[in-house]
Protein chains: 2
Amino acid sequence: MTKINKAACIGGGVIGGAWAARFVLAGIDVAIFDPHPEAERIIGEVMANAERAYGMLTMAPLPPKGKITFVKSVEEAVQGADWIQESVPERVDLKRGVITQIDAAADPTALIGSSTSGIMPTDLQRDMKHPERMFVAHPYNPVYLLPLAELVGGEKTARATLEDAKAKLATIGMKGVIINKEIEAFVGDRLLEAVWREGLWLIKDDICDTETLDDVIRYSFGMRWAQMGMFETYRIAGGEAGMRHFIAQFGPCLSWPWTKLTDVVDLTDELVDKIANQSDAQSGARGIRELERIRDQNLVGIMHALKAGDDGRGWGAGKLLTEFEDYLWANAKKPEVDLGEVKPLKILDTKVSAAWVDYNGHMTEHRYLQVFGDTSDGVLRLIGVDLEYVRDGHSYYTVETHIRHLGEAKLGDALYTTCQILSSDDKRLQFFSTIYNAQTNEPVATAEQMMLHVDSKAGKAVAAPAQVLDKVKALTEAHARLPVPEGAGRHVGQKR
Amino acid sequence: MTKINKAACIGGGVIGGAWAARFVLAGIDVAIFDPHPEAERIIGEVMANAERAYGMLTMAPLPPKGKITFVKSVEEAVQGADWIQESVPERVDLKRGVITQIDAAADPTALIGSSTSGIMPTDLQRDMKHPERMFVAHPYNPVYLLPLAELVGGEKTARATLEDAKAKLATIGMKGVIINKEIEAFVGDRLLEAVWREGLWLIKDDICDTETLDDVIRYSFGMRWAQMGMFETYRIAGGEAGMRHFIAQFGPCLSWPWTKLTDVVDLTDELVDKIANQSDAQSGARGIRELERIRDQNLVGIMHALKAGDDGRGWGAGKLLTEFEDYLWANAKKPEVDLGEVKPLKILDTKVSAAWVDYNGHMTEHRYLQVFGDTSDGVLRLIGVDLEYVRDGHSYYTVETHIRHLGEAKLGDALYTTCQILSSDDKRLQFFSTIYNAQTNEPVATAEQMMLHVDSKAGKAVAAPAQVLDKVKALTEAHARLPVPEGAGRHVGQKR
């Protein structure tokens, strides 16, 4: 993957602001130019949403946040940037002017992407000196969570530019898909416009109201499309006989007089009122901020579900998330822990996410063990037992765990964990972890665990190699000078 | 909710078979008539998929499965049925004939639903004697997982029929949505046809291939639509200014020359070949059965994610699942446990689902605690501490847990759990649970737990009421005659 060193966002707003959030959260400095008087406020709100969403989305080590700078001109913004994203209003003359201005001031090798949802890149790059590095990178709202960017080149765009853009997007967790030929509205908005047109007719003709139409989508093909697209879904529907069979069976429907798509619905005041009123009845009980929050939690949950897909290998957006996390791990600064330091190790910062709580907002019992498990993983990485080590066929397995609940963790609570080594030998590693509430520094739960070093193919305990044992010993010796933690060595029901 | 007593499926196949699976898994007997020579095989395969999916979908107590009977005629199938579902091939004359035949033989109050994906109910009910009870119930593939059924009445359908159908569908976990007016293809297939038409043009014109088009869907609006439909999504996009603003901003695009929807694509052999070849390149590495399995795991995971939505209250299809589970619990036979019996209680049967395993196919550590937590819940229900009890403000909270791992649970393993009470007083309840592999009867893990009876509002331990304590005492006294389980009272690292 190819890193982005500095980004510039021309045009803030909901789209530009979310691009900025993606960059900043991936550790990239961003300069923003937007003459709108409320640009800083809007971007601040988007950034808050994005940070909350990322807090739930991943436990992988995000790098230190990049710096946001608000600047006074396009020229100032693009200085030193190698990715410049244009997100100004959707008018061809305005966009073309801004892009020409960017082109003149930017490094000639900097990539220039446009967030346009429909204008052809050929029309935007017309007046550029270096048009070969300009393309459309069309994202989807909420841009800080949905990973797609359609990459579309114009007549003068170099193919290498699109490949480069795709590689760079991966480093900020996004999925660039290259569209072969430019057309207005590209691919996604073509499909969306088709549904939108048909949907407007259904509402206008009183076939159903907006809530029913939405329910039809989200209780059926919406869930299908979160994980497989239209063609793969229909491939399955065709069964063993395959796509050819499916098209033969359903193709003819296309000439039936079903849709009204040949006409364009007239957006009269009456129709607009009808839609607005139905939408109020459907969703008006909740404010936009609340709906946003619910949507983002759902999208995070869906991506987590897809991460478990294909028997844990990950599927679709979940696989992409895994790949992004692998990238983050590979690029994370190795923790510089002084293995001889005489205090418990600080391992993890996390937050109680919506998927972790019961209907009372309390963290579910087994999620405590999930946090302790992530803590053990953190300890293991410190002694050199990382993903690669595990893939090579050795690991530490938990054989015994003792958990005490001392308090309650609630939705949104910030937590951190520490770990103290209690004992070790060439196979065994015994330690004591504590989950603290980050606000109060009070312990919420403790876990004493015994792990065993195993040859995972042979399925039996074996001595750990010297490079691991050296670190284990250093930690064990240092921590032997700490007092034994209260609660260690305890059995269930023991009097204090 | 109104229970269905007996169902009939006229026409098996993938759709009819999945309807049958829904009925049977909800405890309803089904008679199936399908003259197709392979009907039993096809339905058997669908049933196997459905059972596997339900095994992952819910831990709620499904009633004993209904009985499937394959019969020789429509008349025989509909005897005594109060829901009759027609799923024969999509030809109006054929369907009308079958429905007229059903009508003549069935109880006059039995509901008759058609699975047609496009034919108007008025055309189907033309020759019926009791047309008021006939309607379209149009489901979505995979019918055993996707909850939607569009309920559409014809000219002669009674409104009460649609309401009754909706209530009955809830008892088999489905979401009936009533469509106001009949039109060909109803609502969902109208929207799908619009996308399908536009998609075919995009492939024909080489704008992108099928894999890119599918990626555009599933990395962006597909995930949005799994949880909110088009109008609610756009309401958010409109921001505080609302739907009116959104339509004012984006409505005009409709008259731009974007889509090619005014034309119908010609499905030449060349285009069919192109699509089939692209689809092979995209998905051909996996067989249809594997894709089905992956899809079903994903859909289950998405519904689980949505179950956690809206801060644990559930959202969309996840909320529906919660409601279905509440219904199952309310209708579950209370376990008739002899509290004085001298053997550990058998509590739970479950299976290691795809969402529970790591990339090696091993059950993740914290999922063990989830199974133990479900086991504790089962024990608590036995002593009268159920959902209602908890909602009234009292509960048992876990304060301490000691887990030993004795073996490994792998993807798909069937597991069961047992529980032995070790000690109790008016506040405390100490017990020892074991997870067994159902195949080998070998213990996989054990957990010793201490729970405390609490007033959850006051957040402090209080004595349990007499009706709970009586049961606790009976169990404790009976189990006192059992040997103390190996591993009880153990602390971490203790020698055997």
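Predicted model: local features only at pLDDT ≥ 70, side-chain atom pairs only at ≥ 80, totals over all residues.
Chain A is divided into three segments, namely domain 1 (6-186), domain 2 (189-285) and domain 3 (336-479). The centres of domain 2 of chain A and domain 3 of chain A, taken over C-alpha atoms, are separated by 49 Å.

In chain A, eight strands make up an open sheet with mixed pairing, and their order is 3-2-1-4-5-6-7-8. Strand 2 (residues 29-33) of chain A pairs with strand 3 of chain A in the parallel sense over three bridges, and A:Ala31 stands opposite A:Thr69 in strand 3 of chain A. Helix 1 (residues 13-25) of chain A lies across strand 1 (6-10), strand 2, strand 3, strand 4 (83-86), strand 6 (134-139) and strand 7 (148-153) of chain A, and runs at about 170 degrees to strand 1 of chain A. Helix 6 (residues 159-170) of chain A also packs on the sheet, where it touches strand 4, strand 5 (111-114), strand 6, strand 7 and strand 8 of chain A, and its direction makes about 165 degrees with that of strand 7 of chain A.

In chain B, an open sheet of eight strands with mixed pairing has the order 3-2-1-4-5-6-7-8. Strand 3 (68-70) and strand 8 (175-179) of chain B are the edge strands, each pairing on one side only, and the twist from one strand to the next averages 25 degrees. Strand 6 (residues 134-139) and strand 7 (residues 148-153) of chain B pair in the antiparallel sense over five bridges; within this pairing, B:Phe135 has B:Gly153 in strand 7 of chain B as its bridge partner.

Between the chains, helix 10 (residues 230-237) of chain A packs against helix 13 (residues 288-307) of chain B at an angle of about 120 degrees, with the axes 9 Å apart; the two helices are therefore oblique to each other. Helix 10 of chain A passes helix 13 of chain B in a left-handed crossing. At this contact, A:Glu232, A:Arg235 and A:Ile236 in helix 10 of chain A meet B:Ile288, B:Leu291, B:Glu292 and B:Arg295 in helix 13 of chain B, and by class the contact has three nonpolar, no polar and four charged residues.

Terms used:
Residues numbered from 1 in each chain as written. Chains lettered and ligands numbered in written order. Heavy atoms only, no water. Axes fitted to C-alpha atoms, helices over the stretch in contact; angles between N-to-C directions. Helix = DSSP H or I, 4+ residues; strand = E, 2+ residues; numbered from the N terminus. Parallel < 35°, antiparallel > 145°, perpendicular 65-115°, else oblique. Left-handed = near helix turned anticlockwise from the far one by under 90°. Contact = heavy atoms within 4.5 Å. Nonpolar A, V, L, I, M, F, W, Y, C, P; charged D, E, K, R; others polar. Domains from an automatic or database assignment. Pairing = 2+ DSSP bridges.
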